[in-house]
Amino acid sequence: MAHNEQLLCIDGCRDFRRYFSRQLKSLGYSVIAAGDKTEAERMLDLDKIKPRVTFIDPAEVESTGLTIKNLSDWLPDSKIIALSGRTEARVIVDAIKEGADDYVSKPFTLDELNKSIRSVLSAASIKPLDRSDSGPAGFDLVYASKSMAQISQTSKQVATTTIPVLITGESGVGKDVIARYIHLNSGLLGRPFLKVNCAAMPENLVESELFGYRKGAFTGAYVDRPGKFEYANSGTIFLDEIGEFSSPVQAKLLQVLQEGKFSMLGENQEIKVNVRIITATNRKLIDAIRQGRFREDLYYRLNVVNIHIPPLRERPEDIPVLCRHFWKKFSKEYRSEDPEMSPTLLEKFIQYPWPGNVRELENTVKRYVVLRDENSIYEYFASRMGGELETTNGTLEFSAENYQGKELKEISREATAIVEKKVISQILKKNGWNKLKTSRELKVSYKTLLTKIEQYEIRPGIE
């Protein structure tokens, strides 16, 4: 199929230029390939030929005589795709910062290259919304730490590209917030943003939920049903807890990343989509690769740019500003009249280590705004930092001092919760965090187990 767009490639390697031209011409593109700026100027008649997309290797400045910024100044109307064998996040971010619209790593497939071209040309036709408008565009991050300032900067730099981003960090640090922040700062603003909690889907339903199915594909498939990727077409899909995927789902996701297409369950015909993929995990995927539970090729496709969010305890300077942000939010929501949090309570918030991170802080502020009981917050902090049941030679023990003045029903409820959390955590750890196996061992439904895990904020590494 002919595309007719004029492409320019500037690369110091003659063999690569020939290969590049041959490949792109096979798709119907018109290609001019030059070794440096001087040669490109001779070959281009800018009064008649204006390349829609220009490819350049940012690592070959000496041979081409051009940086990405120089190229952007020289050809301001051309979209720029950096094409390089360097895959370090810093190199990619620097290329985007200088003005590249996308980044494709060598070696590449023809489908990858074509997908990048179509994406940058499609983004060029999208008119960004006025940032002064009310609505989602007013969304911003809340922070005071240098680490979060860097994350904000990196997020904005990669937002306007189609580069896959892997967001890592403990549960509750705000990985979904960063994913949405990237989407809202991109050329896809106003297009779909779909969050998928991979851990919350039963393992046997993940593939059908993501990619859809045809009627009769399996027992219970009474009608055709599109998947999440179809719903997110032309926008962004955020896959949270990517480490939960089975091997077949990983293979299909790799196909989407490489070729921009997939097939529904019960269907041989492939569906093409143009979706920005952002993923997140609180696990160490490198360990999962060593254990044979995660594909290495998929990992490197997803981890083109990695944004790691530190736990809240490592950036305590963010705690006061987050407290004030949530205080204002919930005070307005519940029509509270108190202007701000007391200095004593704020100090306690700063001292607490927040194992559940920003999610736990938000819920704690909300609880206080609703209940107006500082003592209950102090007791909560004390129980989380040392008043919980501890295991000693297999016997559960606790301090009765933490339960003085409470009714027996309340004590029983709290003690039950502590025991449940401890037991679920230990069995999950024993089973390698296999939730389906754990639910069967505990003789509870998969959904009930997921609810308990979320309720008690049970995460790997947090007992």
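Before the bridges, a reminder to myself: two strands count as paired if DSSP finds at least two bridges between them. I also keep in mind that this is a predicted model.

**Entry 1, the sheet.** I started with strand 1 (residues 6-10) and strand 3 (residues 53-56), which pair in the parallel sense over four bridges. I then asked which residue in strand 3 is the bridge partner of L8. I found T54 there.

I get an open sheet of five strands in the order 2-1-3-4-5, with parallel pairing. Which strands stand at the edges? I have strand 2 (30-34) and strand 5 (102-105) there; each has a single partner strand, so one side of each is left without a neighbour in the sheet. From one strand to the next, I note an average twist of 20°.

I also checked what helix 1 (residues 14-25) lies across: strand 1, strand 2, strand 3 and strand 4 (79-84). Against strand 2, I have helix 1 running at about 175°.

I moved on to helix 18 (residues 408-430), where I424 is found. Is I424 buried or exposed? The cut-off for buried is under 20% relative accessible area, and I424 counts as buried because its relative accessibility is 7%.

I then looked up what I424 is in contact with, leaving aside neighbours within four places in sequence. My list reads L442, L449, K452, I453 and I458. I took the spacing to T438 too: 14 residues apart in sequence, and 8.0 Å apart in space from C-alpha to C-alpha.

Most residues other than glycine have a negative phi. I wrote down two residues that go the other way.

E241 is not a glycine, yet I read a positive phi of about 60° for it. I placed E241 in the loop between strand 8 (236-240) and helix 11 (247-259). With a relative accessible area of 11%, E241 is buried.

W433 was my other pick, with a positive phi near 65°, again in a residue other than glycine. Where does W433 lie? I found W433 in the loop between helix 18 and helix 19 (435-442). W433 is buried as well, and I noted a relative accessible area of 16%.

How values were computed: Residues are numbered from 1 along each chain as its sequence is written. This is a predicted model: local features need pLDDT of at least 70, side-chain atom pairs count only at pLDDT 80 or more; totals for chains, interfaces and linings use all residues. Side-chain values use heavy atoms; hydrogens and water are left out. Helices (H or I, at least four residues) and strands (E, at least two) are DSSP runs, numbered from the N terminus. Buried means under 20% relative accessible area, exposed over 50%, partly exposed in between (1.4 Å probe, protein chains only). Contact means heavy atoms within 4.5 Å. Axes are lines fitted to C-alpha atoms, for helices over the stretch in contact, and angles run from 0 to 180 degrees between N-to-C directions.
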